[in-house]
Amino acid sequence: MTPAISVSELTKMFGDFTAVDHISFDVEQGEIFGFLGPNGAGKTTTTRMLTGISTPTEGSAHIMNHDIQRDSFAAKERMGVVTDLSNVYNDLSAWENLIFTGKLYGLGKAKREKKADELLDMFALQEVRSENVREFSGGMKRRLTIAMALINDADVLFLDEPTTGLDVQSVRTIRNLIRQLNEEGTTIFLTTHNMHEANELCTRIAIINQGRIGIIGTPEELKQAMEKTHSIEVIFENKESENLQMLESMKSVREVQRHGEKYRLYTTEPADALREVFETAQKHGKRLLSVNTLVPTLEDVFLELTGEKIVHRGKFQTAKGKKKRR
Ligand SMILES: Nc1ncnc2c1ncn2[C@@H]1O[C@H](COP(=O)(O)OP(=O)(O)O)[C@@H](O)[C@H]1O
Ligand SMILES: [Mg+2]
């Protein structure tokens, strides 16, 4: 079967800063492919190249076998795009936004009206179809943006951080819609900085760091790495230096890091480690101020999987390290 997305050595430079660095991967039809990485990793830049908004410096991408550069019209016909910048018109109603988008795609009147009606149903916007979008909540606007991206019956849907900034209920609604769309046959390319979101939704996950793909794996592999990187944070009443040595001697602890007055203990067995922390402290007559178990972070998991550190690159940072406004 033709891959839904095929990427080869795709690269984007801004001046002499490499935002995306020779990435290659395929997404099969029917997948929800997660593109997971911290802020500044290159997710949006990649999405913009894959959807023909931005021209690659090097490399190529095909959407359903159409080269996004050489055959961009055919490629774009097969895709829907939801960027991180919402493209709804506040002065129009939900219905008008959908119809307007249908016109942009060149759909005939009957077809665009039928599709708009179906989408209002699917995205639970039928009741507010005639209301001005300006009055919509963030979640409603996001639903409408996704609906607009689907007016053309896209085979491949690109979603750039679709749940970022939404309330819990809206996040759940959007995730359910993504699943439903996928079950109905849409291939999904989803960027996120949220490891749990990627785990919950995706069939495969690429982790991107500083413009390079560190690893491509399944949610199962990611979960296993998460289980290995549980940690416990401990603060003692006294701040003596022998605390570190004492913690490092614990059997259930793999590694200890000190951050100021906090000690972070990495373990695969958080329950055992907790017990041992209390026993060890008591044995040495140390008083504990606080003990917290921490969920693994993307940084922890990435380090576990690749041996590399995640780097947070500032938004719009140039190669010289100056902040720039876009
Ligand atoms: N137009 C631009 N000019 C210069 N640098 C940019 C531009 N767009 C993005 N960058 C830089 O490229 C890197 C990747 O950005 P981006 O793709 O937006 O990351 P993400 O979406 O993963 O947060 C960041 O360091 C960002 O500052
Ligand atoms: Mg982004």
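Two strands are taken as paired if DSSP finds at least two bridges between them. Helices (H or I, at least four residues) and strands (E, at least two) are DSSP runs, numbered from the N terminus. The model is predicted: local features need pLDDT of at least 70, side-chain atom pairs count only at pLDDT 80 or more, and totals for chains, interfaces and linings use all residues. Residue numbers start from 1 along each chain as its sequence is written, chains are lettered from A and ligands numbered from 1 in the order in which they are written, and side-chain values use heavy atoms, with hydrogens and water left out.

The chain is assigned domain 1 (5-217) and domain 2 (230-295). These bounds come from an automatic or database domain assignment. The C-alpha centres of domain 1 and domain 2 are 44 Å apart.

One open sheet has four strands in the order 2-1-4-5, with antiparallel pairing. Strand 2 (17-27) and strand 5 stand at its edges, each with a single partner strand, so one side of each has no neighbour in the sheet. Strand 1 (residues 5-14) and strand 2 run antiparallel and are joined by seven bridges. V7 stands opposite F25 of strand 2. Helix 1 (residues 43-50) packs on this sheet and touches strand 1, strand 2 and strand 4 (58-63). The direction of helix 1 makes about 120 degrees with that of strand 1. Contact here means heavy atoms within 4.5 Å. Axes are lines fitted to C-alpha atoms, for helices over the stretch in contact, and angles run from 0 to 180 degrees between N-to-C directions.

F14 has F17 as its bridge partner in strand 2. The hairpin of strand 1 and strand 2 has two residues between the strands, and G15 takes a positive phi near 65 degrees there. Strand 1 also runs antiparallel to strand 4, through five bridges. S6 is partnered by H62 of strand 4.

H66 lies in strand 5 (residues 66-67). Leaving aside residues up to four places away in sequence, H66 touches A61, D71, A74, A75 and R78. H66 and P219 are 153 residues apart along the chain, and their C-alpha atoms are separated by 29 Å.

The axes of helix 3 (residues 94-104) and helix 4 (residues 109-122) come within 9 Å and cross at roughly 135 degrees. Helix 3 is therefore oblique to helix 4. Angles under 35 degrees count as roughly parallel, over 145 as roughly antiparallel, 65 to 115 as roughly perpendicular and the rest as oblique. The crossing of helix 3 and helix 4 is right-handed. A crossing is right-handed if the near helix is turned clockwise from the far one by less than a right angle, and left-handed if anticlockwise. Helix 3 contributes A94, W95, L98, I99, G102 and K103 to the contact, and helix 4 contributes R112, E113, A116, D117, L119 and L120. Seven of these residues are nonpolar, one is polar and four are charged. Ala, Val, Leu, Ile, Met, Phe, Trp, Tyr, Cys and Pro count as nonpolar, Asp, Glu, Lys and Arg as charged, and the others, Gly among them, as polar.

Helix 5 (residues 138-149) and helix 6 (residues 168-183) pack at about 15 degrees, with axes 10 Å apart. The two helices are therefore roughly parallel to each other. Their crossing is right-handed. G139, R142, R143 and I146 of helix 5 meet S170, T173, I174, L177 and L181 of helix 6. The contact holds four nonpolar, three polar and two charged residues.

The axes of helix 8 (residues 219-228) and helix 11 (residues 298-306) come within 9 Å and cross at roughly 105 degrees. Helix 8 is therefore roughly perpendicular to helix 11. E221, L222, A225, M226 and K228 of helix 8 make the contact with V301, E304 and L305 of helix 11. This contact has five nonpolar, no polar and three charged residues.

Another open sheet comprises four strands in the order 12-13-11-14, again with antiparallel pairing. Strand 12 (255-259) and strand 14 (288-294) stand at the edges, each with a single partner strand, so one side of each is left without a neighbour in the sheet. From one strand to the next, the twist averages 20 degrees. Strand 11 (residues 230-236) runs antiparallel to strand 14, and six bridges join them. V234 is opposite V291 of strand 14.
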